[in-house]
Amino acid sequence: MRRRLAHALTPLRLAALVYVGLMLLVLVAAPLLAPADPLSQDVADRLASPGGAHVLGTDELGRDILSRIIYGARVELLIALGATLVSMLLGTLLGLLGGYFGGIVEVITMRVVVDVLLAFPPIILVLLAVTLRGPGTGTLIAAMGVLFAPTFARIAYGQVISVKRLEFVEAATAFGAPTRTRLFGVILPNISAPLIVQVSLTIATAILLESGLSYLGLGVVPPTPSWGSMVAQGQRYLSSDPHVLLVPGAFVVLTILAFGLVGDALRSGLDPKSRSNR
Amino acid sequence: MTQPVLEKAPPPPATALLEIDDVSVEFGGGKKWKPVTHGISFSVAPGETVALVGESGSGKSVTAMAILDLLPANARRTGSIRLDGEELVGASEKRLRQVRGCDVAVIFQEPMTALNPVYTIGHHLSEAIRSHRDVSKAEAAEKAVDLLRQVHMPSPEEKVKHYPHQLSGGQRQRAMIAMAMASEPRLLIADEPTTALDVTVQAEILDLVRELQQRTGMGVLIITHDMGVVADVSDRVVVMRDGRVVETAPSRELFARPQHDYTTALLEAVPRLGSGTTSSAVADRSAPPVLDLEGVAIEYPGSWRKSGFRAGHDLDISVAPGEIVGLVGESGSGKSTIGRLAMGLLPVAAGRMEVGGRDVSAGSRADLVHIRSQVSMVFQDPASSLDPRRTIGQSITDPLRWTRKLTSTKACRARAQELLDDVRLPKEWVDRYPHELSGGQRQRVGIARAMATNPRLLVADEPTSALDVSVQAAVLDLFSELQREHGFSCLFITHDLSVVEQLATSVVVLQHGRVVEQGPTARVLNDPQEDYTRRLIAAAPVPDPDLQAQRRAQRLAG
């Protein structure tokens, strides 16, 4: 296991892993790390360039951009992780049940729920949720969680279909394992690798979608800092003070890239075909 | 040496067709090359059949594939391979392609994977014909039918329009042979050509290869692990082990006087029909049977709104305490289905099933709990019947935890160690994972798991068919020992009659889901009453060239 992971870690992936680690640190320790209050305005020093008193400059209201990035990251990650957790639990359960039982259960889980969800354009679905429940972190987590569930469901479904035919699952039945044990104790551990890979990829997608929604004003409610809304505000100063847009934009790109790379690392690290001990 | 009918053994011609001289195959890349075979040398003369024999990992397939350079990208070959004096090592890719299609043909173990599922058999054959002969499509199509006729395919005019999945396994292998024969090759390489086939079909395919060889005078190199097949077809035998040739000898000599210890051990390990070894199990017929089927029918449940498939009809089978019943039959005979029924994995569709004196035909939850307290199972493939994510200790005691007989981790671990000891594996191995074990060791773990619940009846579904012969012998010995010690009854499912003879007190012969014949082992095997049983016994190759030649003559005559 360790050898496999070491083999999958290229310098680029290692850098991505370090970056993701830093992001997680920010999630718990934002108040300690941020140099200033993300909401306090310093109108005298508005639109300051990076360097100087404010490391990454200030925005049009004189708020410290680095602090807003750090607090924004916190919101961003909270939503992305929350949505991913919801979608993983929901999707895996749907896929497990549909794949294992087949028949009418499959029709309900995979066709009625999953396929219908996939037919919705993502933005419309989230728009619907925001309209019904009002914008906010909770709404976003729930809406995006449901939105990303089909991917997990499909991965889990396909894996269950191939794993449930293996003899060790039949052996579990033959030796009297109850259905719950067969599903969660025998099949689930054997299909977990591709699901774990999907987790990191879903986090990246969630960050992108949340940024997009905040950019459209459908995401996190101002004045709570969010990368998407920072980009939206910065747009107006693109020609005079590009850093207001570019700094949060760069963080969105970097973060998505980092989670994507970690996903790649996990994929090759957990892939049974690349196991050195076989 | 008085083999009248099909005695061929021509004097070995002076010039060899294929000469393999000091060939090594190495895997790796860059500067690190790891040899998997070391200096292999042998030859094949025109009209001669050479068998390349060895257990898994001996390097026999790799050696055969090296001849045509069909090795994976990370492998290379060294040494000299000459076909009719022409050097093939270092030959251009273009020349190798010509050799592959034309001079040397290959047939593989599983014809389904070697045939393209989206093309018809006729298309495959026409392609093979047109790739090396300049003929029109119509002529090729005609020739395709002709080739199928030569390999005795039933209704060849129809079969050319069929897709691979529409043919049976034996018919697919015939089609593969027809393709191979399209170019009238001088050498045929057959890589385990009958391993995936039933014995009666195997006999037909081997007869066919022999017939074609006599007609065309081609050389045949057959790769196999089955000493029965070797005795049946080969003139000379090359025995391989761990990438080296341990012995090369004419077939008769090898079987009569093996020179190398390994060959001797290999031959001794092969279970042979009529060897005289019989079961040590003693059935207690005064006590009520452990398993009793009366007029049972078995059905695989159909999918939504489709009726199921009936895989067993009107079965009357009974297993007495301490008895080992061998269930034999070819694929599709329903032998595994009966095993699954006894384990409660399939419902009783009609009739009556009793386990340990209790009627469990209804298949209620309580019935299933009862079955699982009495019956246990050893599966066919130990590589897939153990959960790769659990240690062998966990796997062994899972049945106990699932049925709540043992709950504490400590007690489970202790019991697992005890069971490992029972199956002659080191106790310290409880924390190992299945992939760290060899096939035979894994099957020991499978047996330990089956023993964990102290079952009265053990269902063993082809427990040794995935293992090498020498390993099979050890596992079967262990099985008999455990049966003597613990006295459980057993339903032993196998396609191998010699294993049944060695192990079972009585035999049930199955065909198409019905019992053809049943009775005490010695009676059924020595004096079969039914035609099908006779054919089954006649088709099983015996690892003795002289005896096998007699049997072949008898089979072809009758």
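How far apart do the C-alpha centres of domain 1 of chain B and domain 2 of chain B lie? They lie 35 Å apart. This is a predicted model, in which local features need pLDDT of at least 70, side-chain atom pairs count only at pLDDT 80 or more, and totals for chains, interfaces and linings use all residues. Residues are numbered from 1 along each chain as its sequence is written, chains are lettered from A and ligands numbered from 1 in the order in which they are written, and side-chain values use heavy atoms, with hydrogens and water left out.

**Chain A meets chain B**

- Chain A brings 20 residues to the contact, and chain B brings 21 residues. Contact means heavy atoms within 4.5 Å.
- The size of an interface is often given as the accessible area lost when the parts come together.
- Between chain A and chain B, about 2,000 Å² is buried. Carbon and sulfur atoms give 59% of that area. Buried area is the accessible area (1.4 Å probe) that two parts lose on being put together, summed over both.
- One salt bridge is counted between the two chains. B:Arg340 and A:Glu170 form a salt bridge through their side chains, at 2.4 Å from N to O. The term means a side-chain nitrogen of Lys or Arg within 4 Å of a carboxyl oxygen of Asp or Glu.
- Six residue pairs, both at pLDDT 80 or more, are in polar contact between chain A and chain B. A polar contact is a pair of N or O atoms within 3.5 Å; within protein, one must be able to donate a hydrogen and the other to accept it, and residues adjacent in sequence count only if both atoms are side-chain atoms.

**Inside chain B: two domains**

- Chain B is assigned domain 1 (18-269) and domain 2 (291-539). These bounds come from an automatic or database domain assignment.
- Nine residues of domain 1 of chain B touch nine residues of domain 2 of chain B.
- The area buried between these two domains of chain B is about 920 Å². Carbon and sulfur atoms give 52% of it.
- Zero salt bridges are found across this domain interface.
- Five residue pairs, both at pLDDT 80 or more, are in polar contact across the interface of domain 1 and domain 2 of chain B.
- Helix H8 (199-216) and helix H11 (261-269) of chain B each supply at least two residues of the domain 1 side. H8(B) gives the largest share, four residues. Helices (H or I, at least four residues) and strands (E, at least two) are DSSP runs, numbered from the N terminus.
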